[in-house]
Amino acid sequence: MAQENKLITLENITKKYDGQVVLDDLNLYIRENEFLTLLGPSGCGKTTTLRIIGGFETPDVGRVIFDGQDITNLPPNKRQLNTVFQKYALFTHMTIAENIAFGLKIKKKSKQYIQDKIDYALKLVNLDGYGKRMPDSLSGGQQQRIAIARAIVNEPKVLLLDEPLGALDLKLRQDMQYELIRLKNELGITFVYVTHDQEEALTMSDTIMVMNQGYIQQIGTPEMIYNEPKNAFVADFIGESNIIGATMIQDRLVEILGAKFACVDEGFGNNQPVDVVIRPEDVDLVEPEQGTIQGVVTSLIFKGVHYEMEVEANGFTWLVHSTDLSPVGKQVGIKVDPFDIQIMNKPESEDEEAVGINE
Amino acid sequence: MVKRLIQKGYIGLVIVFLYAPILVLMVLSFNGSKYRSKWGGFTFKWYRELLENEKILNALWTTLLLALFSALLATVLGTLAAVAMNRMKKLPKAIMMSITNIPILNSEIVIGISMMLLYFAISFSLGFTSVLLALTAAHMPYVILNVLPKLRQTSRSTYEAALDLGASPISAFFKIVLPDIFPGVLSGFMLAFTLALDDFVITHFTKDAKVSTLSTVIYAETRRGIEPEIYALSTIMFTAVLVLLIVVNRMKAGAAKKLAEQQK
Amino acid sequence: MNKREGRLAKQNRLRQHLLSTPYVLWSIGFIVLPLLMIVYYGLTSRDGGGFTLENLKLIWEPTHRATLWLSIKLSVISTIICLLIAYPLALALRALRLKSNGFVILLFMLPMWMNFLLRTIAWQNILEKNGVINMLLSAVGLPKLNIINTPTAIVLGMVYDFLPFMIIPIYNVLSKIGDDVIQAAADLGANYFQILWRVILPLSKPGIVSGLTMVFVPSLTTFVISDILGGGNILLIGKVIEQKFKMANDWNAGCGLSLVLMVFIFICMAIVQKYDKDSEGTSVW
């Protein structure tokens, strides 16, 4: 990527709380106009990363560069970015309009300018005419939209969102996902989004950064993260998958559970232990004699779009998604297309697994 | 860091302001001279004489009884009142709430006088009981205001679950609701007890000559000089409460630590 | 089924009445009736018992008017001083981020376990001619202060006695304001003083209102503090009322003055509450 494209750069960020390392030598850049999602389980350091960008925490080591300026020690009120908080953090003593006007009044904008901005922002979040209401009288989803409106009227270059949909119910969450994508496109600014919900991340992001225990596990587009997880953690965290210990016999040939499967990966060496990831929808159930290995169906659940089956084969329980039904007890063969087998280096210890790859 | 230091220094200053007179009184309890403004050397004399001063010991006993019973009464009645008010419809609730607020907003002198007038009107003779009821009436609102928020937090469904599982409303109240609101009940009781222990004005107007509490004894002696035994007694009381609080706090901290270790 | 539901509803209503009736009766008997007694005495004449406004007019007698004015002045001053001390204190306490506010409340309630008359008397020791303060002043070569038996001493006594009642409600609301709200304000560009003025202060209004009430009312009506620290030559309205009952034995006059005082307090409270739109809105006043 071109140098001038990097809006925010985090350099060698380390942060400890009470001696506990939360972020360890984290490096990251965020491009202009990008929708970046920080994804990971709770305690992985994603919120801390966001709070360092927002200015609510200062890193113990490292620098935050914004638009070519070092802003590591700049307080939040001096930064050209705004945050949407997890629990909205609306000012309960002010009306909706006053909430939205807050940042503009601080900046001493003219009355007319502020009024225009309020009208524009309310329209943008589809809450026209709500200006005189108090925050308490709004639903959770509406409050969240006001929190977004309150942030964007300040025309930040970057909007930071800390699990903004976490407190909403499923249906509302899905609606808000579309809303956020639309907002992002209309505003043309950078979004940095924190979530532990992989579906949210896959739906909205341009780029996903998967984190675990303070380390970046993988950075990439949603498709890359889903189809080519770099390690077992990412594979396990994003979507469902069969993760199986295997041996790389040679280039493009892997032995899984005693059977040889053709694959497309090269360069792992000969007879090396590896992990393979196979997505459940990529496992094909065929007649026993046509399969690479044979097994028996042990459970069957109807999931609406597809059936979810478990197949016992060679001592491993395979998770299989298919639109074709195979009844419990049926003998089946298992076949996997070569390009659906994802090979990963085996981590030698827990720690290494956490460190992952740090690009 | 400097800000932190200023903050802590300021807190310390206010605490010194609040506790300085207490320190003065403690020093006075060891003063060999009978006069407040003269230092007559260190002595334990007043502590010994306190044990023989029947007037003060009687006043102490009356004060403690009044505080304890009025606080208990206020707590029981106040908790029931809070439960009842919590279930009222909006308008009756608002009316009762306003009435409840009167004794808190009203001055003690008006409460004292009004109670005295009531007793006079119904020919209820002044004495221990009249003071007890007046203190209860004055402090019950504090219990209600401590219990109501806790009741609001308590979900109705847990009470209903208890009923569903076969508990009678009364046992559901004692086994489910009461434990839930107990912190509020306890702090209401403590507040009522402390206020009653420290009360002078209401007692002053609703007692007869035979009843005397520590406050009324002290007030009567303000002009001619306080008996030093009173300083000794107050020092003992204050120290006892302080020690008790420290012990309770330690026990709580210990229990919390133990719990934390168990969870590890 | 319907019949059973009807019976249940009836039972519920009965239970509700059983629960609420005692408190309703109690409030009428011990709160409303006593106040009506004051109204009755305040509006009737001492001899004969006919309706009169004489007792209320007493407040306009020059001496009483001056007394009331002094009482209002001193209590307003003490209330403002209490607020000025307590608000920064509550902010500092909030900054400590204690896990429970029980400790703070205890710390400021604990002095109440030493009798408040005694604690006020102790201020005599600190303030008087040869008291602690003057000893310290002369030790460093400064001139002595003459505070005892002046209005200043009374204000100091009021501030001392009622300060905890300002601290606790303000601290209680401040400790409940979420960090994210304050961070949101900072995020939107507000500096510390803007956050304080536009966010923290308005959000803590309910605490300030109840603090103002709990300091102003007892300051206005006290007769004990002026007795002890005013040396008996400074008369406050509370003392005048007390004397009407305990010395002059003129209940009607005492009730007349109390009534005026009570109405004055309620009007003050109503005004303060009006400015506090965030209060729970459950009270009828």
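**Conventions**

I note that this is a predicted model, in which local features need pLDDT of at least 70, side-chain atom pairs count only at pLDDT 80 or more, and totals for chains, interfaces and linings use all residues. Residues are numbered from 1 along each chain as its sequence is written, and chains are lettered from A and ligands numbered from 1 in the order in which they are written.

**Entry 1: V61 of chain A**

Leaving aside neighbours within four places in sequence, V61(A) is in contact with N12(A) and T14(A). V61(A) and E11(A) are 50 residues apart in sequence, and their C-alpha atoms are 8.8 Å apart in space. V61(A) belongs to strand β4 (residues 61-66) of chain A. I use helices (H or I, at least four residues) and strands (E, at least two) as DSSP runs, numbered from the N terminus.

V61(A) has 14 other C-beta atoms within 10 Å, so it is partly exposed.

**Entry 2: chain A as a whole**

I recorded 9 helices and 20 strands for chain A. The C-alpha trace of chain A spans about 80 × 45 × 40 Å along its principal axes. Of its 359 residues, 40% count as buried. Of the contacts in chain A with a separation of 6 or more, 66% are between residues 24 or more positions apart.

**Entry 3: a sheet in chain A**

I then followed an open sheet of 5 strands in chain A, ordered β15-β19-β16-β17-β18, with antiparallel pairing. Pairing here requires that DSSP finds at least two bridges between two strands. The edge strands are β15 (283-286) and β18 of chain A, each of which pairs on one side only. On average, neighbouring strands of this sheet are turned by 45° against each other, direction ignored. For axes I use lines fitted to C-alpha atoms, for helices over the stretch in contact, with angles running from 0 to 180 degrees between N-to-C directions.

Over how many bridges do β17 and β18 of chain A pair? Strand β17 (residues 307-313) and strand β18 (residues 316-322) of chain A pair in the antiparallel sense over 7 bridges. Within this pairing, E308(A) has H321(A) as its bridge partner in β18(A), and V311(A) stands opposite W318(A). The hairpin has 2 residues between the strands, and N314(A) takes a positive phi near 50°.

**Entry 4: chain B**

For chain B I found 11 helices and 0 strands. The radius of gyration of chain B is 23 Å, well over the 18 Å that the globule rule gives for 264 residues, so chain B is more spread out than a compact globule. The radius is taken over C-alpha atoms, and the rule is 2.2 Å times the number of residues to the power 0.38. The C-alpha atoms of chain B fill a box of roughly 70 × 65 × 40 Å, taken along the principal axes. Of the 264 residues, 41% count as buried. Among contacts in chain B between residues at least 6 apart in sequence, 78% join residues at least 24 apart.

**Entry 5: helix α5 of chain B**

S123(B) follows α5(B) and has a positive phi, near 50°.

**Entry 6: interfaces of chain C**

Between chains C and B, the contact takes 64 residues from chain C and 59 residues from chain B. α1(C) gives the most to the side of chain C that touches chain B, with 16 residues. By class, that side has 47 nonpolar, 13 polar and 4 charged residues. Ala, Val, Leu, Ile, Met, Phe, Trp, Tyr, Cys and Pro count as nonpolar, Asp, Glu, Lys and Arg as charged, and the others, Gly among them, as polar.

Technical notes: A residue is buried if 20 or more other C-beta atoms lie within 10 Å of its own, exposed if 12 or fewer, and partly exposed in between; C-beta atoms are placed from the backbone. Two residues are in contact if their C-beta atoms, placed from the backbone, lie within 7 Å.
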